[in-house]
Amino acid sequence: MDTSDPDLLPEGLEDRLPREAATATRVMRAVQDVMHGHGYDRVLPPMIEFERSLAARMAGIQSRRMFRFVDPSSLRMMALRSDFTPQIGRIAETRLAAAPRPLRLCYAGQVLTIKGDGLDPARERFQCGAELIGADNVAAASEIVALAIEALAAAGGRNISVDFTLPDLVDTLAEKAMPLAPGQIEAVRRELDTKDAGGLIDAGGEAYVPLLYATGDFDAAIEKLAAIDAGGVLAGRIAALRQIAARLGGAARLTLDPAERHGFEYQTWFGFTLYAEGVRGVLGRGGTYRIASASGGEGEAATGFSLYPDALVGLLAASERREDMVFLPLGHDRDAAARLRAIGWRTAAALSEADSAAALGCTHVLGKDGPEAL
């Protein structure tokens, strides 16, 4: 028998009360306005899809992290989305397959996972982002990074920093320049992720140890990476990173960690992570990837980013001032109140003699000449 508190929410889920909900709405709207202004059209995919569709569109998407259940109608396994990106890929490859490329799409909503990430127990998060489909070059990467920075700044992020990475770095080097046996590649990736020089050597990746030190401020780190580039195999990627950094024109602080793989399971040659001052943890990720083709072909190239602004929402909600609101006494002038709302005022009407402006959290009272400050 279930004897738990009926009002207790499951672990990792929470209510967003008025102040935080209002801030979240403003943040999401600000992000979407920036993407809309740059020509990205919003799509609204369903919260639930067939599990096979969600899991098959992107490498690295883990169906075991999704809430799954059997559809009573079709008797097929369904899942709640844990990431919007596979849904955008499905839309691009099906309903919008004939649309001109590059195709610019954006989205915003909530995603759910069975388990939180690391120290963050949240299982429900806001996700908003943009996908540039049919383009995989420096111009596309530069547009996406610049758009992510602008969107995060519009949402209220301050002193934004962007950390670049090369998700397929180990695969590229292992092929010829720094050869690894197939069984060693995953171990070398793992030790690079943990920044363990001793573990790298034990895994047979001694040649990869210098990559641990090609990190930090972008200008210095890219020089270190260029100095250890074995046989020039990374020359094209290094040149591309330099061009992307130059095109950003100082819009954010740039760093480089070329071997970082966590969170970039389906990215190809380029990835980036977004941070902002005062906000703990990652605020977003992006990069280049391929949309898996239903026919089993190579799939279509794309570049995009996702923001997870919950931590930013919490920070802003704690510091935002209370919004002005006008108390409407019993018998107030309804036309005057309507005019106030038309120009942006909020109003709260008295329903009985017991109601008061202070009790309803109002900052003004409607007088004969308009709003009067309390």
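Residues count as buried when their relative accessible area is under 20%. By that cut-off, buried residues make up 46% of the 374 residues in the protein chain. The model is a predicted one. Its secondary structure comes to 11 helices and 16 strands. Along the principal axes, the C-alpha atoms fill a box of roughly 85 × 55 × 50 Å. Among contacts with a separation of 6 or more, 65% join residues 24 or more positions apart.

The largest pocket was examined next. Its space comes to about 1400 Å³. A total of 43 residues line this pocket. Asp117, Asp120, Arg125, Arg285 and Tyr308 lie nearest its centre. By class, the lining of the largest pocket divides into 13 nonpolar, 16 polar and 14 charged residues.

The second largest pocket holds about 420 Å³ of space. Its lining is made of 13 residues. Ala22, Arg321, Arg322, Glu323 and Arg346 are the closest to its centre. Helix H1, residues 18-37, gives the most to this lining, with five residues.

The volume of the largest cavity is about 30 Å³. Two stretches of sequence supply its lining. From one come Leu166, Pro167, Leu169 and Val170. From the other come Pro258, Ala259, Glu260 and Arg261. Six of the lining residues are nonpolar and two are charged, with no polar residue.

Helix H6 spans residues 182-193. Its buried residues are Ile185, Ala187, Val188, Arg189, Glu191 and Leu192. An α-helix has 3.6 residues a turn, so residues three or four places apart point the same way. The buried set of H6 includes the charged residues Arg189 and Glu191. Cover for the buried residues of H6 includes helix H5 (169-175) and helix H7 (197-202). Just after H6, Lys195 takes a positive phi of about 60°.

A three-stranded sheet was then considered. The sheet is open, with strand order S2-S4-S3. Its pairing is antiparallel. Strands of a sheet pair through backbone hydrogen bonds, either parallel or antiparallel. Strand S2 (48-50) and strand S3 (68-70) stand at the edges. Each has a single partner strand, so one side of each is left without a neighbour in the sheet. From one strand to the next, the twist averages 35°. S2 pairs with strand S4, residues 77-80, in the antiparallel sense over three bridges. Within this pairing, Ile48 has Leu80 of S4 as its bridge partner.

Terms used. Residues are numbered from 1 along each chain as its sequence is written. This is a predicted model: local features need pLDDT of at least 70, side-chain atom pairs count only at pLDDT 80 or more; totals for chains, interfaces and linings use all residues. Side-chain values use heavy atoms; hydrogens and water are left out. Buried means under 20% relative accessible area, exposed over 50%, partly exposed in between (1.4 Å probe, protein chains only). Helices (H or I, at least four residues) and strands (E, at least two) are DSSP runs, numbered from the N terminus. Contact means heavy atoms within 4.5 Å. On a 1 Å grid over the protein atoms alone, a cavity is a set of points where a 1.4 Å probe fits but cannot get out, and a pocket is an open set with protein on both sides within 12 Å along at least five of seven lines; lining residues have an atom within 4 Å of a point. Grid points are joined across faces, edges and corners, and a volume is the space filled by probe spheres set on the points. Two strands pair if DSSP finds at least two bridges between them. Axes are lines fitted to C-alpha atoms, for helices over the stretch in contact, and angles run from 0 to 180 degrees between N-to-C directions.
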